[in-house]
Structure formats: C-alpha cells, structure tokens
There are 2 protein chains.
Amino acid sequence: MPDEDFADVMRALGHPVRLSILRILAGQSDCCCTDVTECLPLAQSTVSQHIKVLLDAGLVARSPRGTRNCYSLNHARLAALNGAFSGLFAGLSSTPHTAAEPA
Amino acid sequence: MPDEDFADVMRALGHPVRLSILRILAGQSDCCCTDVTECLPLAQSTVSQHIKVLLDAGLVARSPRGTRNCYSLNHARLAALNGAFSGLFAGLSSTPHTAAEPA
DNA sequence: GTCTTATATCGGTAGTTTACGATGGATATG
DNA sequence: CATATCCATCGTAAACTACCGATATAAGAC
C-alpha cells in the first residue's frame, strides 16, 4: 500500500467518532445511518459525513436495501490494513544498517 | 489506550511526510532536525513542526546532545501502538453478530 | 565577547475538517 | 397523488493543519 493511501486510512481512523462508528457497525449487522446516529450525540448529517470518510478510505461498504443504506465493515480491507501496519513496524524495527546502539 | 489517544496517534501517522521521517529516524542513529530536513523537500521549520507532532504522539524521543537535538524512534511506544492496533481489529472482527448484547 | 550552528517558535496564508441546519431526491405506504 | 422515512449533499462558520520566512534562544568555537 502506498504511503499516501496508508496515510489516508490512518487519518480516517484518527477521529474518536469514527472509531465508535466502526465498533457500532461491528456490533450490528443491518445498520443504517439513522441507527448509527441514534448511538451518537451528533446530527444525522455529521454522522453521514463521518461514514463517507470511512467509505472513501475503504473501511466500510454500503449496500442499498429498500429505502435505506446498510453499512458494514470491509473485513478484507481491514485485514490488508493490518498487514500494512505490521509491515510499517517491521520496516521501522529492522533497518539495522546502523548496527544497533553500542552502549 | 483510550480512543482519544489512539486517534491522536493515528492522526500523527496520517501524513506521508511523517511516515518518511519515521523511516529516516529508523535508518540513522544520531539524527538531528537538520539531518532530517536534508532528506526532505521542506523548510526546516516545517520539518521541526512535523517532528513535534511525532513527539507529542510519543512516537519519537528527543535527546539533546551539545548544540543539537538527536531524535530516535520510541520503540516501546511503537510496540504498544501495534498492540492497540491489533486490539482494535480483534474487537472489530470478533463481534460479527454473536448477539452478546442483551437485545 | 563575538560568531556560527542548530532549532524551536512566531506570524501569516491557504486549504481542510468538523459540526450544524436545511434541502431535495429517493423509496415505500396509504 | 399525498405522506412519511431515509439520507446524501449544500451552505456556512469555526477550528485545525500545512507550509513558509523570519526570529529568538542556546550551545560551541574562536
């Protein structure tokens, strides 16, 4: 994953409300925007915008169902992100070309 | 780690330049602000501000050495973050719809 | 004491984010 | 058709972010 994309996803995760939304979506299966809004002290338009950020980052998926839109976690994307995250840390931890810190 | 703190760290990671700075610090041992600036197409003041963001997030540490400040990765913090990250995904994955909630 | 180097911080500008209420376009239901 | 629900989007204001040049401070060097 390119740094730009990775940074975009990090920024999408960089707001407590969006973390809450992810947990709400993980806990309920057929979850629409109104359902999420009822769990949060925010206006519907604000929640809709937060969901859009998560959509743009690819972290959640939308499936229109009748008059409402159901949202769900994109588990494949989450797994890929977890891998990219581990990869970043691996890159930061190795790179022993400086031969570690000798006292 | 509280959501607020976690979100702060995510936001600190949410800029390509700061990812670059982390990699630069991983690759050089006694690395001061000027060293980092020479690796990037940015003004010294800008780099200093990015480093401050990483400092505030606890991702890097500062050690004054003579007339310069040497920066290094905070590996303990990175490990803790990696744990928090895995924990988040565990929480998101392990609640498909197991109905652990009382109605 | 003076000069140099290193760097944090100030001041400013431009762009982005967050939040809200209001609106309009869907999709049912009566 | 009329009505209600759902929800993305618009318009807006406040707050934040990114970047720069300029500056002030602090530590060494001379």
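**Entry 1: a strand pair in chain B.** I started with one residue, and Cys31(B) stands opposite Tyr71(B) in β3(B). Before going on, I noted that this is a predicted model. Cys31(B) belongs to strand β1 (residues 31-32) of chain B, and 2 bridges join β1 to β3(B) in an antiparallel run.

Next I looked up the other partner of β3(B). Strand β2 (residues 60-65) of chain B pairs with β3(B) over 6 bridges, again in the antiparallel sense. Here Val60(B) is the residue that faces Leu73(B) in β3(B).

What lies between β2(B) and β3(B)? I found a hairpin with 2 residues between the strands. Gly66(B) sits in the turn and has a positive phi of about 60 degrees.

Entry 2: Putting the pairs together, I get an open sheet of 3 strands in chain B, with the order β1-β3-β2 and antiparallel pairing. Which strands are at the edges? They are β1 and β2 of chain B, since each pairs on one side only. A reminder to myself: strands of a sheet pair through backbone hydrogen bonds, either parallel or antiparallel.

**Entry 3: two helices inside chain B.** I then turned to α2(B) and α4(B). Their axes come within 10 Å and cross at roughly 75 degrees. The two helices, α2(B) and α4(B), are therefore roughly perpendicular to each other.

Which residues meet here? From α2(B) I listed Val17(B), Arg18(B) and Ile21(B). From α4(B) I listed His50(B), Ile51(B), Val53(B) and Leu54(B). Sorted by class, the residues of this contact are 5 nonpolar, 1 polar and 1 charged.

**Entry 4: an overview of chain A.** Chain A has 5 helices and 3 strands. Along the sequence they follow the pattern α-α-β-α-α-β-β-α.

I also checked the extent of chain A. Its C-alpha atoms fill a box of roughly 65 × 25 × 25 Å along the principal axes. A compact globule of 103 residues would have a radius of gyration near 13 Å, whereas chain A has 17 Å.

I wrote down who takes part. On α5(A) the contact uses His75(A), Leu78(A), Asn82(A), Phe85(A), Phe89(A), Leu92(A) and Ser93(A). On α5(B) it uses His75(B), Leu78(B), Asn82(B), Phe85(B), Phe89(B), Leu92(B) and Ser93(B). By class, this helix contact counts 8 nonpolar, 6 polar and no charged residues.

**Entry 5: DNA strand C.** Next came the DNA. Which of the 22 residues around DNA strand C come nearest? I found Ser45(A), Thr46(A), Cys32(B), Ser45(B) and Arg68(B). The elements that each supply at least two residues to this surface are α4 (44-56) of chain A, and α3 (33-38), α4 (44-56) and β3 (68-73) of chain B. The largest share, 6 residues, comes from α4(B). The surface near DNA strand C divides into 7 nonpolar, 13 polar and 2 charged residues.

**Entry 6: DNA strand D.** I repeated the search for the other DNA strand. Of the 22 residues around DNA strand D, those that come nearest are Cys32(A), Ser45(A), Arg68(A), Ser45(B) and Gly66(B).

Which helix gives the most to the surface near DNA strand D? I read α4(A), with 6 residues. By class, I counted 7 nonpolar, 13 polar and 2 charged residues near DNA strand D.

Methods: Residues are numbered from 1 along each chain as its sequence is written. Chains are lettered from A and ligands numbered from 1 in the order in which they are written. This is a predicted model: local features need pLDDT of at least 70, side-chain atom pairs count only at pLDDT 80 or more; totals for chains, interfaces and linings use all residues. Two residues are in contact if their C-beta atoms, placed from the backbone, lie within 7 Å. Helices (H or I, at least four residues) and strands (E, at least two) are DSSP runs, numbered from the N terminus. Ala, Val, Leu, Ile, Met, Phe, Trp, Tyr, Cys and Pro count as nonpolar, Asp, Glu, Lys and Arg as charged, and the others, Gly among them, as polar. A residue is near a molecule or strand if its C-beta atom, placed from the backbone, lies within 6 Å of it. Two strands pair if DSSP finds at least two bridges between them. The radius of gyration is taken over C-alpha atoms; the globule rule is 2.2 Å times the number of residues to the power 0.38. Axes are lines fitted to C-alpha atoms, for helices over the stretch in contact, and angles run from 0 to 180 degrees between N-to-C directions. Angles under 35 degrees count as roughly parallel, over 145 as roughly antiparallel, 65 to 115 as roughly perpendicular and the rest as oblique.
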